[in-house]
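Hi,

Here is the structure I said I would pass on.

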Amino acid sequence: MFYREAGQFKTSYKADQAVFPIFQDRVFVAIWLLIGFVVVPMLANEYVFRAIFIPVIIMALAAIGLNLLVGYCGQVSLGSGAFMAVGAYAAYNFMIRIPELNPLICFLLGGLSATVVGVIFGIPSLRIKGFYLAVATLALQFFTDWTFSRIDWFTNYTPSGSIAVQPVAVWGFIFDSPIRKYFLCLTVLLIFTIIAKNLVRGRIGRAWMATRDMDVAAEIIGIRPIYAKLSAFAVSSFFIGVAGALWAFVHLGSWEPLAFDINLSFSILFMVIIGGLGSIVGGMLGATFITLLPLFLNQLPIWLGINMSTAMVSHLEYMIFGALIIFFLAVEPLGLARIWQITKEKLRLWPFPH
Amino acid sequence: MGFFVEVLLSGLMAGVLYSLVALGFVLIFKASGVFNFAQGAMVLFAALTFVRLLDILKDSFAPITLSLIITIAMMVMLAMAIERLVLRPLVNQPGISLFMATLGIAYFLDGFGQTLWGSDIYTLDIGIPKGSIFILESVFDGGILVAKEDLVATVIAGLLVVTLAIFFQKTRIGRALRAVADDHQAAQSIGIPLNYIWVIVWTVAGLVALVAGVIWGSKLGVQFSLSLIALKALPVLILGGFESVLGAIVGGLIIGAGEKLSEIYIGPYVGGGIEYWFAYMLALGFLMFRPQGLFGEVHIDRV
Amino acid sequence: MNETDRKLGPTILKAENISLAFGGVKALTDISFEVKEHEILAIIGPNGAGKSSMLNVINGVYHPNAGSVTYKGNVRQRMKPHEAATQGIARTFQNIALFKGMSVLDNIMTGRTLKMNAGFLAQCLYVGRARNEEIEHRKKVEEIIDFLQIQSIRKTPVGRLPYGLQKRVELGRALAAEPTLLLLDEPMAGMNIEEKEDMSRFILDVNDEFGTTIVLIEHDMGVVMDLSDRIVVLDYGKKIGDGTPSDIRNNKAVIDAYLGVSD
């Protein structure tokens, strides 16, 4: 009844090409922003920030980045963990080697380093497709795992191989409390989401999607595959690299190479698929779901009053996680974003059946 | 020279096992177009089931045979369950969805196997001789040192690989499998039941996993890391091609040998541990020149 | 029949002695023909005669084993498809090659890719040129949408459209590039009479209004005879006829090979 576009006529192409052409959507987004920036900070406690909001936000950033590559450009990558690692370690090295650099700049430089690596490892995508490419991206995953654990220069010769960092300080303002970290991450996510949305609705986004849907036809129209694919790799790995830097510096605080192993890559891919391929909001929904699920499964036996060994809990978690993935793919292969969209379409008609 | 051959040989023997795991991938990819990431989890699951049954049945009259039969039965049931619960609901979904589903299977199996059978390291002894022997003493000074169990493993794996190749090329089911691989719809239209074929390939892949799991398990102990063997076999696939049985065999040998040789001869200069990624880089470099793999066919894009 | 006095320009495309083989299979053997500016040329022939392969050679998807293509006076060797696009060659496909996940509007917008040049940063922020050119090109695309009478489906994902409409959208995408040479591969395959009539009208209008040169492949002889200025006939990869519709109608070799013996 209330979510309806009737009576809203667009009189210019500018209005029709706005991100949220329907008035109710704009109100809705405003409400979300209000919740994110005002309501949550007033209500949430430290644990909730640390365990839920901050990781969800950073993972959402990574998932949006991967979705640009997989969902929009159709290039499967299993190397997200590697791009996050490159972002994190590069940011760390910029920070310790050029101490006067602003940490936020270091994060961006971390992202740029990931971009460079992403473009180099995107080159095979010009020759190979599908699962061959997916396996090829694993090469990057294993190579970075090895690089950051065996080449001591990257870890600044710390004896343990793990890295611990101070809270991020920008112009004397220290992001040490969870709520400050939360604001930092949320702002970054907001900016990057806008950029992602702008890219996918413009020429470059159409080039990506055209390459995804039918690469031969795209080339005949004049979309150079090398440009479309490498730009997707570049932008995607930039996003993921920045997410990696945030993950390391803001969420973890101290980490070792294992923090960015192949399981992380799979998690991010799960977020993208379960959230919805080719959907920005899908990346956020997927990140929320995949981050919260283990927390939930961990708590479940406690809530139910069942006594279980931690090993057993972790095995059951694996089982349920695996089963849920399959269930999801079978029931809604287009992901949470599709469910969201269907809900909106239903709302548009409600309370009338058609 | 003798040392080089020794390294090469040990690499090739490891390679045969990679071939075996890669073969499991290839079988499933050929017959159902699914990139089965759960192959490694199947190796772990099969080995765990077998080793634990062996323990339970150790006082019976024929523990090994009985355990083997029950494990095989479980792998068949697993194949049927996968066909019914995963493949059938997901038929006609894009390849990426099916791939994700096999990741789901992998997670599930890892969890299920360890919930059912426990997650310690179990030693597996089915009578494969231990210790090392020197061979070819007449050719090389001092001979070449090889582990007996590696030799046995190589023979078993080699036999299995040959059997599968014959099965694929010569038998009726093998021909049906290849027909399905070429064109699902065409195969269905001439009366090849797709679901039945899927159960068969997944069963065969399960048995291949069992053999790989038993060989590897008796070498390293049955433990979670078996599940990661699959990752070792992936470069074999890009090298040999996803659809080539011969590619899986040759690719496995190349990867196995390349990995060991590089670790010995290049490793020390860059800090060691490069067998972790060397195979991947080798395969990747190769792909740049031959995107369809060693024995893959060139596809012409038709528009 | 066509008005024969229509103004044809100089030769715009010249194929000389084109041969193409896949492995041992010969798709095209020693084919030569010319297309004049503003002309509608039809390529006909039985299935497997090499018609689509010929179009693929013209816009660089396939590289001929022998022979040359001269376009606007330039002889070219190995050209990539996107280079053909830059030079103003657009095409549609026998089996529709639309971008299934994208809306009608976005599909046609991709046709204008080559005319857009906003920088990357401007696109990130959707400001300045990026925003202006989106709107400016949207206007052009809307003109095409009006022309093809597909206003009501502009936001629909093309995967959900019926076949005839998809063909129309594909024509729209090709038109969006404002091509000088338009290659149409069976634009009317699988259409009913009304849809064929609509499509014929669009093709003639494009040719008339924008002066676009058109090379088309079509099986419906009625349509071919009505639309085209000239017809090239292929059979088993060889050219067996080339001339006006009336020439072709009376060509013995063509009748034997393709049209069947007339009573």
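Below is what came out of it, chain by chain.

A word on the ground rules: this is a predicted model, with local features needing pLDDT of at least 70 and side-chain atom pairs counting only at pLDDT 80 or more, while totals for chains, interfaces and linings use all residues. Residues are numbered from 1 along each chain as its sequence is written, and chains are lettered from A and ligands numbered from 1 in the order in which they are written.

Chain A to begin with. Chain A has 14 helices and four strands (DSSP runs numbered from the N terminus: H or I of at least four residues for helices, E of at least two for strands). Its C-alpha atoms fill a box of roughly 65 × 60 × 45 Å along the principal axes.

Inside that chain, helix 5 (residues 103-122) and helix 10 (residues 225-252) of chain A pack with their axes 7 Å apart, at an angle of about 140 degrees (axes are lines fitted to C-alpha atoms, for helices over the stretch in contact, and angles run from 0 to 180 degrees between N-to-C directions). So helix 5 of chain A is oblique to helix 10 of chain A (under 35 degrees is roughly parallel, over 145 roughly antiparallel, 65 to 115 roughly perpendicular, and the rest oblique).

Next, the contact between chains A and B. Chain A puts in 36 residues and chain B 40 (contact means C-beta atoms, placed from the backbone, within 7 Å). On the chain A side, helices 6 (130-150), 9 (215-221), 11 (262-275) and 13 (310-331) give two or more residues each. Helix 13 of chain A gives the most, with 14 residues. By class, that side has 29 nonpolar, three polar and four charged residues (nonpolar is Ala, Val, Leu, Ile, Met, Phe, Trp, Tyr, Cys and Pro; charged is Asp, Glu, Lys and Arg; the others, Gly among them, are polar).

Last, chain C. Chain C is divided into domain 1 (1-88 + 179-263) and domain 2 (104-177), with bounds from an automatic or database domain assignment. The C-alpha centres of these two domains of chain C lie 27 Å apart. In chain C, 11 residues of domain 1 are in contact with nine residues of domain 2. Helix 7 of chain C supplies the largest share of the domain 1 side, four residues.

Cheers

How values were computed
Contact = placed C-beta atoms within 7 Å.
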